[in-house]
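Subject: Structure for you to look at

Hi,

Here is the structure I promised to pass on, with my notes below it. Have a look at it first, and then read on.

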Amino acid sequence: MDLTAVTRYRFARSREEAFPQPGEQIVAGGTWVFSEPQPATTGIVDLSEMRWPSIEDLPGGGLRIAATCTIAELAALPPRPGFRAHPLFAQCANALLASFKIWNMATVGGNICRSFAAASMVSLAAGLDATAHIWHPDGADRDVPVSDLVIGNGINILAPGEVLRAVDFPGHALAARTGFRKIALAELGRSGAVVTGRVDPDGTTVYGITAATEWPTVLRYPIPPTADRLRHDITSAPGYYTDPLGSADWRRAVSAVLAEEIRVELEGSV
């Protein structure tokens, strides 16, 4: 797609160069930006030469995933000792409606910053309590749970000029037993509902619902919930929506069914 209003394209190679000026838009892979007209964009800031390590180990068994890490790199993440949540990375990556060519260009940060309801990296991050590490031009960096960062379909709380630097996954979530389910009305269509579940080593149980709701829905329990409690909490959650790929009632109902499948699976995988 030709971006006819763009008059400047620059590569950022330092923190100071990474912050966009008025009219500039940030890209890492650019798979969405270059896919449709951007009449308000007069400049591009490309982060692909920041040379951030795609994947870093954090103290306590956590992981830092750079915003510029591609979906393909994330899906190929090798398992680590005690990393029981490992399957969820590839499962969420495969929930993204994209070709292998997109996989090799699209980035974790780009998917999260675009903040679509069916954003598969939001599904992963919300399901594993990941936080977004955000750079601010004035140096006052902040960390925000990804589940709180996205507040609507294509809407987030990033302030003008802010840059998503990385997504940090805590060790307790990576050590959890996990389950995953996805459904779409078309076999190769965009996700209508994505449900994740996990049981942490201390018994804390977390269910995440994305694609079915306009913003991530995260349900947290100190111990695994009963079937009735889980179904009630899912069907009464706000944010289910209707579009050509599914009605709100359908999304609500299938989310409850998928979550129950995960509940039974996790109960039997101790």
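Before the strands, the rule for pairing: two strands count as paired if DSSP finds at least two bridges between them. Helices (H or I, at least four residues) and strands (E, at least two) are DSSP runs, numbered from the N terminus. The model is predicted, so local features are used at pLDDT of at least 70 and side-chain atom pairs at pLDDT 80 or more, while totals for chains, interfaces and linings take in all residues. Residues are numbered from 1 along each chain as its sequence is written, and side-chain values rest on heavy atoms, with hydrogens and water left out.

The bridge partner of V194 is T210, in strand 13. Strand 12 and strand 13 (residues 205-210) run antiparallel and are joined by 6 bridges. Their hairpin has 5 residues between the strands, and G203 there takes a positive phi near 95°. Strand 12 also runs antiparallel to strand 11 (residues 177-183), with 7 bridges joining the two; here R181 stands opposite V195.

How enclosed is strand 12 by the rest of the structure? Largely so, because 7 of the 7 residues of this strand (193-199) are buried. Buried means under 20% relative accessible area, exposed means over 50%, and partly exposed lies in between (1.4 Å probe, protein chains only). In a regular strand the side chains alternate between the two faces of the sheet. On strand 12 both faces are covered, with A193, V195, G197 and V199 buried on one side and V194, T196 and R198 buried on the other.

Next, please look at the open sheet of 5 strands, which has the order 4-5-10-6-7 and antiparallel pairing. Its edge strands are strand 4 (55-58) and strand 7 (142-145), each of which pairs on one side only. On average, neighbouring strands of this sheet are turned by 30° against each other, direction ignored. The angles come from axes, which are lines fitted to C-alpha atoms (for helices over the stretch in contact), and run from 0 to 180 degrees between N-to-C directions.

Strand 5 (residues 62-66) pairs with strand 10 (residues 163-169) in the antiparallel sense over 4 bridges, and L63 stands opposite F169 of strand 10. Strand 4 is joined to strand 5 by 4 bridges, again antiparallel, with E56 standing opposite R64. These two strands form a hairpin with 3 residues between them, and G60 in the turn has a positive phi of about 80°. Strand 5 is mostly covered, as 5 of its 5 residues are buried: G62, R64 and A66 lie on one side, and L63 and I65 on the other.

Just after the helix, D129 takes a positive phi of about 55°. S123 and T217 are 94 residues apart along the chain, yet their C-alpha atoms are separated by 9.6 Å. T217 is found in strand 14 (residues 217-221) and is buried, with a relative accessible area of 7%.

**Cysteines**

How many disulfides does the model have? The count comes to 0, taking a disulfide as a pair of cysteine sulfur atoms within 2.5 Å. C69 is in no disulfide, and the nearest cysteine sulfur, that of C92, is 14 Å away. C69 is buried at a relative accessible area of 0%, whereas C113 is partly exposed at 27%. The sulfur of C113 is 14 Å from the closest cysteine sulfur, in C69, so the two are too far for a bond.

F34 is found in the loop between strand 2 (24-27) and strand 3 (43-46), and F34 counts as partly exposed because its relative accessibility is 32%.

Best wishes
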